[in-house]
Amino acid sequence: MIKSRLEIQKGINVLLNIEDPSNFDKVIKTMEYYGIDEDNAREYFIFIPIAFCRLMLPNIKFPEFYLEQDFLGNRIRKKFKNNPLYLEIESVTNAFFETISNSDDILKIASLSSEFNVVNKLLLNGGNMEDIQLTEMIIIK
């Protein structure tokens, strides 16, 4: 359940200020320390980097859908724009982009997204931005 835009901002601040933002357990524990419940912390860890990546790379044709997979391997196809939490994160991220002056902060969070890493690898291997087509990601819950 989404508590507030302020809570999402706290999640962003944790990702910006923690020493190793790729350390899942440490990020979740730190978010919990700042009053974010574990379920929201997990969602923020997944969706905040995705929103940062998509806003940072607006010319990439990102898929509208993702696959959510449970621990049994069952998958459900979901649309980003039908996920209220993602929409709120995207809104907070938009506001963050309007006020941030340090592109390293944006890169620090965007680089946690698997989409960012795929795009980066393709570009480093000589690919062209306009030719990149990504497939739906699988989010394991």
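Trainee: I take buried to mean under 20% relative accessible area, exposed over 50%, and partly exposed in between (1.4 Å probe, protein chains only). Which class does Lys-141 fall into?

Mentor: Lys-141 is partly exposed, at 38% relative accessibility. Please note that this is a predicted model, in which local features need pLDDT of at least 70 and side-chain atom pairs count only at pLDDT 80 or more, while totals for chains, interfaces and linings use all residues. Residues are numbered from 1 along each chain as its sequence is written, and side-chain values use heavy atoms, with hydrogens and water left out.

Trainee: What is the salt-bridge partner of Lys-141?

Mentor: Lys-141 pairs with Glu-68, their closest N and O atoms being 3.4 Å apart. The two residues are 73 apart in sequence, Glu-68 in strand β1 (residues 65–69) and Lys-141 in the segment after β3 (138–140), so the bridge ties those parts together. A salt bridge here is a side-chain nitrogen of Lys or Arg within 4 Å of a carboxyl oxygen of Asp or Glu. Helices (H or I, at least four residues) and strands (E, at least two) are DSSP runs, numbered from the N terminus.

Trainee: And Glu-68, buried or exposed?

Mentor: Glu-68 is buried, with 14% relative accessible area.

Trainee: How many salt bridges are there in the whole structure?

Mentor: The search finds 10. One of them joins Glu-136 to Arg-77, with 2.6 Å between the closest N and O atoms. That pair links distant parts of the chain, 59 residues apart: Glu-136 is in the loop between α6 (114–124) and β3, and Arg-77 is in strand β2 (residues 75–79). Glu-136 is partly exposed at 26%, and Arg-77 is likewise partly exposed, at 49%. Elsewhere, salt bridges with shared partners join Glu-43, Glu-68, Lys-78 and Lys-141 into one network.

Trainee: Where do Lys-29 and Glu-32 lie?

Mentor: Both are in helix α2 (residues 24–33), 3 residues apart, about one turn of the helix. Lys-29 is exposed at 59%, whereas Glu-32 is partly exposed at 28%.

Trainee: Turning to the sheet, in what order do the strands stand?

Mentor: The 3 strands form an open sheet in the order β2-β1-β3, with mixed pairing. The edges are β2 and β3; each has a single partner strand, so one side of each lacks a neighbour in the sheet. Neighbouring strands are turned by 30° against each other on average, direction ignored; axes are lines fitted to C-alpha atoms, for helices over the stretch in contact, and angles run from 0 to 180 degrees between N-to-C directions. Strands β1 and β2 run antiparallel, joined by 5 bridges; two strands pair if DSSP finds at least two bridges between them. Phe-65 stands opposite Lys-79 in β2.

Trainee: One last topic: which residues of helix α5 are buried?

Mentor: In α5 (residues 103–110), the buried residues are Ile-106, Ile-109 and Ala-110. They lie on the same side of α5, because they cover an arc of only 100° around the axis; the arc is that of the directions from the helix axis to the C-beta atoms.

Trainee: What do those buried residues pack against?

Mentor: They pack against α1 (5–17), α3 (38–56), α4 (84–99) and α6, contact meaning heavy atoms within 4.5 Å.
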